[in-house]
Amino acid sequence: MGDGRTNPVSFWKEDDRKGDRVVETATLILDTPGCYWSEKLGCSMCGYNNNVSRAPVDHVEYIAQIDSRLDIMKDMEYIKIFTSGSFFDENEIPLKTTHSIIKKIHDISPRSRILVESRPEFITEKAINDLGTLHDDIEVAIGLETTDDNIRSKLIRKGFTYDDFIGSAEILLDKGFSLKSYLLMKPPFMDERNAISDMVRSIRDLIKRFPEQTISINPMNIQKRTVVERLYQRGLYRTPWIWSLTQIIMEVEDILGDAVKLMSSPTGGGRVRGAHNCGKCDKMALDSIQRFSLSQDISQILPPLDCCESNWMTYKENEIF
Ligand code: SF4
Ligand SMILES: [Zn+2]
């Protein structure tokens, strides 16, 4: 039995794109024991598990967490259930609990898309086989971060390879699940120019390998008690410019198609710990990226403005790690 953790960590509603429409979305973050990898080695940018109690959460508590927001999720078209870890890790959430969660959401919102997250090692036929029979629109997000194994292992310490990701993505697609890939923009020990080229190459690699998917560009957001925070506090790291994100989206425009959705919703955007520009143009630049993410219309992207374009260019040319 757990210790009475019957409330989710957080719950909110926002707009997101589903297929060719913008729909209202519910996001629920479950209170869980957290990601096993953060205890083992931990990714260099991840502070999700800083304040997590490692004590197990039992089936009854998980179901109570879901039940507490069930009314609000009723008939919603896009429902995101996050765990700050892996939905398919049985040490975090028992298999029977994942089934009950999906079934409960199906019963109140049968036409919804349900998004969950997992590291690739937990995406097995055993974990997902029966889920597909309970609900037919499940999307699974994997934090691949980059298609370069060297960067992922040395700078991010992610602990899995691109091939591991490909194997898991194939299982998902084969079973009729949808794929969402998270890419991390500007890991620690990387300069702005390399961050842009790493992201552009990763997007191209991913679309070539899996032409039907959602790709989310996640610019670095400095979280507490992480490697990135230590570098930042010593003046050795600046979060990416929003103009760099703009440049990336404009550079891959030629390969975006109906089956690929490219989006970005920078956490902490416009603040010093998130993607930011000079302060004056941040909101305009972020709004344009939000409009692009919802519409997939490249004409919504605001090209770099005079106010700080030259500072950004100079920064890109001179930053060396
Ligand atoms: S980024 Fe994901 S895989 Fe890495 S430690 Fe955090 S929750 Fe775990
Ligand atoms: Zn500016």
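**View 1. Phe189 in a nonpolar surface patch of the predicted model.** Phe189 has a relative accessibility of 37% and therefore counts as partly exposed (buried is under 20% relative accessible area, exposed over 50%, partly exposed in between; 1.4 Å probe, protein chains only). Phe189 sits in the loop between strand S6 (178-185) and helix H8 (192-209); helices (H or I, at least four residues) and strands (E, at least two) are DSSP runs, numbered from the N terminus. Together with Leu236 and Phe321, Phe189 forms a nonpolar patch with about 280 Å² of accessible area. Patch members have over 30% relative accessible area and no salt bridge, and nonpolar side chains (Val, Leu, Ile, Met, Phe, Trp, Tyr) are joined within 5 Å, like charges within 9 Å. A salt bridge is a side-chain nitrogen of Lys or Arg within 4 Å of a carboxyl oxygen of Asp or Glu. Areas come from the Shrake-Rupley method with a 1.4 Å probe, and for residues only the protein chains shown count as cover.

**View 2. Two residues with positive phi.** Lys186, in the loop between S6 and H8, has a phi near 70°. Lys186 counts as buried because its relative accessibility is 0%. For Arg157, phi is near 60°. Arg157 lies in the loop between helix H6 (149-156) and H7 and, at 28% relative accessibility, is partly exposed. Most residues other than glycine have a negative phi.

**View 3. Helix H10 and its surroundings.** Of the 10 residues of H10 (residues 242-251), 8 are buried, among them Trp243, Ser244, Thr246 and Gln247. The buried residues of H10 pack against S6, H8, strand S7 (213-219), strand S8 (260-263), helix H11 (282-295) and helix H12 (306-318); contact means heavy atoms within 4.5 Å.

**View 4. The largest nonpolar core around Ile203.** This core has 68 residues, of which Met73, Ile81, Phe87, Phe88, Phe165, Ile203 and Ile217 touch the most other members. H8 supplies the largest share, 6 residues. A nonpolar core is a set of buried Ala, Val, Leu, Ile, Met, Phe, Trp, Tyr and Cys residues joined through side-chain atoms within 4.5 Å. Leaving out residues up to four places away in sequence, Ile203 touches Leu183, Ile215, Ile217, Ile248, Val252, Ile255 and Leu262. Another core, of 15 residues, lies apart from the largest one and includes Cys35, Ile151, Ile222 and Leu231.

**View 5. Aromatic pairs of Phe165.** The structure holds 6 aromatic pairs; rings of Phe, Tyr and Trp (its six-membered ring) pair if their centres lie within 6.5 Å, with planes under 30 degrees apart counted as stacked, over 60 as edge-to-face and the rest as tilted. Tyr162 and Phe165 are stacked, at 6.0 Å centre to centre and 15° between the planes. Both residues lie in helix H7 (residues 162-174), 3 residues apart, about one turn of the helix. Tyr162 is buried at 13% relative accessibility, and Phe165 is buried at 0%. Phe165 also pairs with Phe210: the centres are 6.1 Å apart and the planes at 80°, so this pair is edge-to-face. Phe210 lies in the loop between H8 and S7, so the pair ties H7 to a part 45 residues away in sequence. Phe210 is buried as well. Tyr36, Trp37 and Phe122 form one aromatic cluster.

**Notes to all views.** Residues are numbered from 1 along each chain as its sequence is written, and chains are lettered from A and ligands numbered from 1 in the order in which they are written. In this predicted model local features need pLDDT of at least 70 and side-chain atom pairs count only at pLDDT 80 or more, while totals for chains, interfaces and linings use all residues; side-chain values use heavy atoms, with hydrogens and water left out.
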